Amino acid sequence: MTQSFLLNTKAEFLKSKKTAAFWLTVIGAAFTPVINVFKCVGRPDYFIPVLQSDPWKVFLEYNWQIASFFLLIMYVILVTSLVVQIEYRNGTWKQVYALPRSYADIFFSKFLVVHVMIAGCFVLFNFFIVVCGYGTALLQDQFQFFSHPVPWSEMISVSIKMYVSVLAILVIQYWLSLRFGNFIIPMGIGLALFTFGFMIRQWEHIDYYPYMYPFLVYFKNPGLPPDMAQKAMIHSLVWSGGGLGVGFLDIANRKGKG
Amino acid sequence: MSIYSCFFFRLVTNAILHRLDGMPEFTIETDQLDYSFTPSQKILHTLNLRVPSGSIYCFLGPNGAGKTTTLRALLGLLKTNPGEVSIFGLPFLSNRISILKRIGSLIEQPSLYGHLTGSENLEVFRLSYSSEKKRIKEVLEITGLYDARNQVVRTYSLGMKQRLAIALALVHDPELLILDEPTNGLDPQGIIETRHLIKRLHQEFNKTILISSHLLSEVEKVATHFGIIHKGHLLFQGARKALQELRSEHSTFEIEAEDVDRALVVLENKFDVRKIDDSRLSVVRISKDQTPELIGFLVQQKIRIYKAGFTQTNLEDQFIQIITS
């Protein structure tokens, strides 16, 4: 059973090779750090003093602010749809369900692929932050990245928190993507839920609303209880566990498959 | 011997042979298989499909007849009730995974990953079937795609895609192949190639093959058994010979006689007879056994007969006749 699951997961990874989901992961991870290089090098008069005392801390914030605010959520919505769309676009779902694989195997092996892509995106994002920090200093030697140590522990800590914060969105989007063959529907629902969440972000029970978790975890939220970030992470884990169970039962019990 | 007793005899003989082989008599059996997408829209009506082991069973019917729905139900892609589908003598629902390990399938359009090469597509399926790596080369050679193995599949022609889809179905060396319209959209050359491949898989590799088609001419030459479905009802099922006999029973009997109008009066109360022209009559829905009686009537009335016989109808005509009668 375990060996079969591993082989099938390997097959799922092979399917994702050379796909838009793969390139989105690589380019998406590099996007913000590269833009920040241009930003810093383009206006050295402004940014050299700002990054003077602790360049890595400020550079890290520049990158995570835009990521947690918008790009990370967009990436999760997009990559989940793209991975599932590999089957819809090629008309291969029926063949997948005609393979000697249990429904759990099919559901969770693909979920694992999306999961690994997102985890990989976090790793690449940190890698590009470091490379781009040093790159900025190479292009403009008054930036002090080489004379300060890279804050590895802070980078890992933020990454883990943000990773936990997107789990709920990931599970909901995964279920929606499996449910609807039309790429636009899960994307549209995801975007609508995110926009709606942004409009109600000051609600006292916003910690129950998955699409705002990355925002709540990264930013300090004036007007909301101080433990909101912690609650958001716990609720994200609860949502993802429950969502996976409900999603699997729904997909496994559908009358028609593929 | 009537066609039914002939068919029965054949079934009994096959049953004995297969029992000796340790194989079930029928590789696929459905028992009163019903299916509906909505309560008011029934697609399959109490289908009792019997695919003999070692046969090439052609499942025929016009578009929308229920062929693909039946094949999807056989593969567990549609929810059926317990006991409705048995494959290899085992109930499908309680043995889904072990049964699917022994089946290769191609449903509707070829299911291929366009961004991967032919070899990579096979690798994806090989992993899921846990079959040996050497099978990739073997099936590429069987389907004549070895030279195109490193080509991205979206650049393949439709014929190549169909052959690759068959290669995918063969990667784990299954006992049973279920192929849904494998010649769909192919040019005449592609149809001939696919037909040869199917024949070869049956003769050289001993596969039981269930193949669906709406074009009888495409499968007529390879089939050992036929099943004809129309509007979800199985109208006919049996060996090639049984269908051929049915064909002769249902085909048109044409008479060239001296006095056609008088012959028409003599025959019209007993047979479904029509005048073709001043010298010919046609009689439909007449069996071979009834022809001496018909000729007898005409001879009794001293009507001179110049020519009489069944007109040559191909299986396609027969098929249309069966589904429209």
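From the N terminus on, the elements of chain A run α-α-α-α-α-α-α-α-α-α. In this predicted model, chain A has 10 helices and zero strands (DSSP runs numbered from the N terminus, with H or I over at least four residues for helices and E over at least two for strands). The radius of gyration of chain A, taken over C-alpha atoms, is 20 Å, close to the 18 Å given for 258 residues by the globule rule, so the chain is as compact as a globular protein of that length; the rule is 2.2 Å times the number of residues to the power 0.38. The C-alpha trace spans about 65 × 40 × 30 Å along its principal axes.

Helix H4 (residues 55-90) and helix H6 (residues 103-139) of chain A have axes that come within 11 Å and cross at roughly 155 degrees (axes are lines fitted to C-alpha atoms over the stretch in contact, and angles run from 0 to 180 degrees between N-to-C directions). H4(A) is therefore roughly antiparallel to H6(A), a term for angles over 145 degrees. Residues of H4(A), including A:Trp56, A:Phe59 and A:Val83, meet residues of H6(A), among them A:Met117 and A:Ile129 (contact requires C-beta atoms, placed from the backbone, within 7 Å). By class, this contact has 15 nonpolar, three polar and one charged residues (Ala, Val, Leu, Ile, Met, Phe, Trp, Tyr, Cys and Pro count as nonpolar, Asp, Glu, Lys and Arg as charged, and the others, Gly among them, as polar).

Residues are numbered from 1 along each chain as its sequence is written, and chains are lettered from A in the order in which they are written. Local features need pLDDT of at least 70, side-chain atom pairs count only at pLDDT 80 or more, and totals for chains, interfaces and linings use all residues.

Note on methods. Parallel < 35°, antiparallel > 145°, perpendicular 65-115°, else oblique. Contact = placed C-beta atoms within 7 Å.
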